[in-house]
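Please walk through this protein chain with its sequence and coordinates at hand.

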Amino acid sequence: MRLQWVFAVLLSGLVVGCSSTGTTYQPADERGAYGYTETELGSDRYRVTFTGNSRTDKETVNDYAMLRAAELTLQNGYNWFHLVNRDTESKSRSSTSISGVNDFGGHTAVYQRCGLMSCSTVVAQTPSRLSGGVASTTTRTNYQASLEIKMGKDPMPDDAEAYNAQELASTLRRWMGKQAK
């Protein structure tokens, strides 16, 4: 029994250790999976989406989507993009666990009840009793940023929603400390 408990503790530590990092900047394996995806909407228009895990904050998810938009713009031979639409969604899920519960197990009692003329067998169930215990609820939130962009070549419009792709990609890579391809 003790060996099973030690194994369970080690296994849970391994799972927590593997899941303790945020989503890395990478293409998603499939739509809805962690990472980025893009959908061509026209010759100079794309929808870029980045989905993070519960350890990736909202700002990082938005920055990764912007970085992918800048890279996509440069890959397609353009030098700026304009944000046509921007949306960030969050999905939260909660789980509750109870720890420190003492179970005073029930039991079955079998006895005979005898009268003047006969005896009968009685089977009685005693219910379990629970005591103690602390309930804790954990909420995990995942963010997904979605951008619709229109790409262009010089001259870049004088608009707050227009971005120089080379400058933005360089700034975000430097800020993140990553050299994305």
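**A ring cluster and its surroundings**

Tyr-25 has a relative accessibility of 14%, so this residue counts as buried. Buried here means under 20% relative accessible area, exposed means over 50%, and partly exposed is in between (1.4 Å probe, protein chains only). The model is a predicted one, in which local features need pLDDT of at least 70 and side-chain atom pairs count only at pLDDT 80 or more, while totals for chains, interfaces and linings use all residues. Residues are numbered from 1 along each chain as its sequence is written, and side-chain values use heavy atoms, with hydrogens and water left out.

One ring partner of Tyr-25 is Phe-50. The two ring centres are 6.5 Å apart and the planes lie at 10 degrees, so the pair is stacked. Rings of Phe, Tyr and Trp (its six-membered ring) pair if their centres lie within 6.5 Å; planes under 30 degrees apart count as stacked, over 60 as edge-to-face and the rest as tilted. Tyr-25 lies in the loop between H1 and E1 and Phe-50 in strand E2, so this pair ties together parts that are 25 residues apart in sequence. Helices (H or I, at least four residues) and strands (E, at least two) are DSSP runs, numbered from the N terminus. Phe-50 is buried, with a relative accessible area of 0%.

By the ring rule, the count comes to five aromatic pairs. Among them is the pair of Tyr-25 and Tyr-36, with centres 5.0 Å apart and planes at 35 degrees, so this pair is tilted. Tyr-25 lies in the loop between helix H1 (2–18) and strand E1 (35–42), and Tyr-36 is in strand E1, so the pair joins parts that are eleven residues apart in sequence. Tyr-36 is also buried, at a relative accessible area of 12%. Ring pairs link Tyr-25, Tyr-36, Phe-50 and Tyr-64 into a cluster.

Phe-50 leads on to the nonpolar core. A nonpolar core is a set of buried Ala, Val, Leu, Ile, Met, Phe, Trp, Tyr and Cys residues joined through side-chain atoms within 4.5 Å. The largest one has 25 residues, and those with the most contacts inside it are Phe-50, Met-66, Phe-81, Leu-147 and Ile-149. Two or more residues each come from strand E2 (45–51), helix H2 (58–75), strand E3 (80–104), strand E6 (129–152) and helix H3 (165–176). H2 gives the largest share, eight residues.

Contact means heavy atoms within 4.5 Å. Leaving out residues up to four places away in sequence, Ile-149 touches Asp-44, Arg-45, Tyr-46, Val-48, Ala-69, Thr-73, Phe-81, His-82, Leu-83 and Val-84. Val-84 is placed in strand E3 and is partly exposed, with a relative accessible area of 39%. Val-84 and Arg-45 are 39 residues apart in sequence and 9.3 Å apart in space, C-alpha to C-alpha.

Thr-56 is found in the loop between E2 and H2 and counts as buried at 5% relative accessibility. Its side chain reaches the backbone nitrogen of Thr-23 at 2.6 Å and makes a polar contact with the side chain of Asn-53 (2.8 Å). A polar contact is a pair of N or O atoms within 3.5 Å; within protein, one must be able to donate a hydrogen and the other to accept it, and residues adjacent in sequence count only if both atoms are side-chain atoms. Not counting residues up to four places away in sequence, Thr-56 touches Gly-22, Thr-23, Val-61 and Tyr-143.

Gln-166, in helix H3, counts as partly exposed at 45% relative accessibility. Gln-166 and Trp-80 are 86 residues apart in sequence but 7.9 Å apart in space, C-alpha to C-alpha.

Now the whole chain. Its secondary structure comes to three helices and seven strands, which run α-β-β-α-β-β-β-β-β-α from the N terminus on. Buried residues make up 27% of the 181 residues. Of the contacts with a separation of 6 or more, 72% are between residues 24 or more positions apart.
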